[in-house]
Amino acid sequence: MSPAPQPTWNLANALTVVRVLLVPVFAWALLADGGHTVGYRLLAFGIFAVAAVTDRVDGWYARRTGQVTDFGKLLDPIADKLLIGTALVLLSALDDLAWWVTAVVLVRELGITVMRFFLLRYVVLPASRGGKLKTVLQVLAIGLYLLPLDHLPGAVEVVAAVVMAAALVVTVVTGVDYVRTALRIRRAAPVEPGLP
């Protein structure tokens, strides 16, 4: 006997929605006063950190209380991509991060998101362990880049670059792994009339 479906609106999903709503607030803080004022950079870092912690809390709470829903599985990675994508684009616009780094991450993230939507007719594809590690590394790297690096020891910038490089490698590797998983699901799915 399958468990009863969970209601879409619960605390875990509400936290995910809050994370989405924090994105424009974060963007405002990062761009305020030219984007390089220490106070606003620290504010942007704080908002980003709250959103990142919310990401950890909502998933943990949903699993602990049995409130995992298809809506949450779908919205959670989208909320992550909105936050991370906004941060990367704005950091590149402020000349704090190379555009090619942002391009690699965004192409992977958008590609996997589109793939998830196409897979919805078969299954909701949740984040893998590798995907979660990728998110942790991206969040850590972006958090370091959000700090006012001009006012911190040079070693902090080196650490930020190393963590971002690790995030890039895991981003690409897990992207390939998701594509493999999607192809396996598609091959195993029954062919519906009128579908390729």
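Is Tyr 40 buried, partly exposed or exposed? In this predicted model, Tyr 40 has a relative accessibility of 30%, so this residue counts as partly exposed. The class called partly exposed runs between the buried cut-off, under 20%, and the exposed cut-off, over 50%. Tyr 40 sits in helix α2.

Together with Val 25, Trp 28 and Leu 43, Tyr 40 makes a nonpolar surface patch. The patch covers about 360 Å². Two helices build it: α1, residues 11-31, and α2, residues 38-65. Each of these helices gives at least two residues to the patch.

Now step back to the whole chain. The chain has 196 residues, and 42% of them count as buried. Its secondary structure consists of six helices and zero strands. Read along the sequence, the pattern is α-α-α-α-α-α.

Next come the charged side chains. Side chains of opposite charge can pair when their charged atoms come close. The count for this model is five salt bridges. One of them joins Asp 80 to Arg 19, with the closest N and O atoms 3.1 Å apart. This pair links distant parts of the chain. Asp 80 belongs to helix α3, residues 70-93, and Arg 19 to helix α1.

A second pair is Glu 109 with Lys 81. Here the closest N and O atoms lie 3.3 Å apart. Why does Glu 109 count as buried? Because its relative accessibility is 5%, and buried means under 20%. Lys 81, with a relative accessible area of 17%, is buried as well.

Glu 109 has another partner. The side chains of Arg 108 and Glu 109 meet in a salt bridge, 3.1 Å from N to O. Both of these residues are buried. The pairing goes further still. Salt bridges with shared partners join Lys 81, Arg 108, Glu 109 and Lys 134 into one network.

Return to helix α2, which also holds Asp 55. Asp 55 has a relative accessibility of 6%, so Asp 55 counts as buried. Tyr 40, in helix α2 too, counts as partly exposed. Which distances separate Asp 55 from Thr 16? In sequence, they are 39 residues apart. In space, their C-alpha atoms are 6.9 Å apart.

Last, look at the second largest pocket. About 180 Å³ of space lies in it. Which residues line this pocket? The lining consists of His 36, Arg 41, Asp 96, Tyr 145, Leu 147, Pro 148, Leu 149, Asp 150, His 151 and Glu 157. By type, the lining divides into four nonpolar, two polar and four charged residues.

Terms used
Residues are numbered from 1 along each chain as its sequence is written. This is a predicted model: local features need pLDDT of at least 70, side-chain atom pairs count only at pLDDT 80 or more; totals for chains, interfaces and linings use all residues. Side-chain values use heavy atoms; hydrogens and water are left out. Patches are made of residues with over 30% relative accessible area and no salt bridge: like charges are joined within 9 Å, nonpolar side chains (Val, Leu, Ile, Met, Phe, Trp, Tyr) within 5 Å. Accessible areas come from the Shrake-Rupley method with a 1.4 Å probe; for residues, only the protein chains shown count as cover. A salt bridge is a side-chain nitrogen of Lys or Arg within 4 Å of a carboxyl oxygen of Asp or Glu. Helices (H or I, at least four residues) and strands (E, at least two) are DSSP runs, numbered from the N terminus. Buried means under 20% relative accessible area, exposed over 50%, partly exposed in between (1.4 Å probe, protein chains only). On a 1 Å grid over the protein atoms alone, a cavity is a set of points where a 1.4 Å probe fits but cannot get out, and a pocket is an open set with protein on both sides within 12 Å along at least five of seven lines; lining residues have an atom within 4 Å of a point. Grid points are joined across faces, edges and corners, and a volume is the space filled by probe spheres set on the points. Ala, Val, Leu, Ile, Met, Phe, Trp, Tyr, Cys and Pro count as nonpolar, Asp, Glu, Lys and Arg as charged, and the others, Gly among them, as polar.
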